[in-house]
Amino acid sequence: MKVHYHGRLEDGTTFDSSEGRSPLEFQVGAGQVIKGFDDGVLGMKTGDKKTIHIPVEHAYGEKSDDMLIEFPLAQFPTDMKPELGMQLNMRSQDGRNFPVVISDVRQDVVVLDGNHPLAGKDLIFEIEMVEIK
């Protein structure tokens, strides 16, 4: 199926939108989108529009303390000054890259947050069904 969408947080902040782009194309139930989005489009017909509210447990889940990494400040490149909110990429032991955000800078360590940026948040999507294949 193909949908146009506008995703926002409960405070009205937009976090993503297909406006000005091609519609999002995905297969329902294939795990290509979050569960709440998959469930939200069920029963829609071409041309239908609706707003869905996705609770955190059907979006990106709660934030997990297991995703916080204390990284020694001494291991940062000497020309880099770690700052709160700075986005970085790390490589896991199996070679995959994943994004992290600096959530705290202490005297000897920097705390890196590997949680999804939308973890811990309820989401709202306005959806327009463009095509069903």
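Mentor: Two strands are said to pair if DSSP finds at least two bridges between them. Strands (E, at least two residues) and helices (H or I, at least four) are DSSP runs numbered from the N terminus. The model is predicted, so local features need pLDDT of at least 70 and side-chain atom pairs count only at pLDDT 80 or more, whereas totals for chains, interfaces and linings use all residues. Residues are numbered from 1 along each chain as its sequence is written, and side-chain values use heavy atoms, with hydrogens and water left out.

On these terms, 4 strands form an open, antiparallel sheet in the order β5-β8-β7-β6. Its edges are β5 (68–72) and β6 (87–91), each of which pairs on one side only. Between β6 and β7 (residues 97–105) there are 5 bridges, and N89 stands opposite P99 in β7.

The interior is described through nonpolar cores, which are sets of buried Ala, Val, Leu, Ile, Met, Phe, Trp, Tyr and Cys residues joined through side-chain atoms within 4.5 Å. Buried means under 20% relative accessible area, exposed over 50% and partly exposed in between, with a 1.4 Å probe and protein chains only. The largest core has 18 residues, and F37, V41, I54, L123, F125 and I127 have the most contacts inside it. Two or more residues come from each of β1 (2–9), α1 (35–41), β4 (49–54) and β9 (123–131). β9 gives the largest share, 4 residues. A second, separate core of 7 residues includes F76, L88, M90 and V100.

A pair of aromatic rings is described by the distance of the centres and the angle of the planes. Rings of Phe, Tyr and Trp (its six-membered ring) pair if their centres lie within 6.5 Å; planes under 30 degrees apart count as stacked, over 60 as edge-to-face and the rest as tilted. The count comes to 6 aromatic pairs. The rings of Y5 and F37 have centres 6.3 Å apart and planes at 90°, so this pair is edge-to-face. It links strand β1 with helix α1, 32 residues apart. F26 and F37 also form an edge-to-face pair, at 5.6 Å centre to centre and 65° between the planes. F26 lies in the loop between β3 and α1, so its pair with F37 in α1 ties together parts 11 residues apart in sequence. F26 is buried at 4% relative accessibility, and F37 at 3%. Y5, F15, F26, F37 and F125 form one aromatic cluster.
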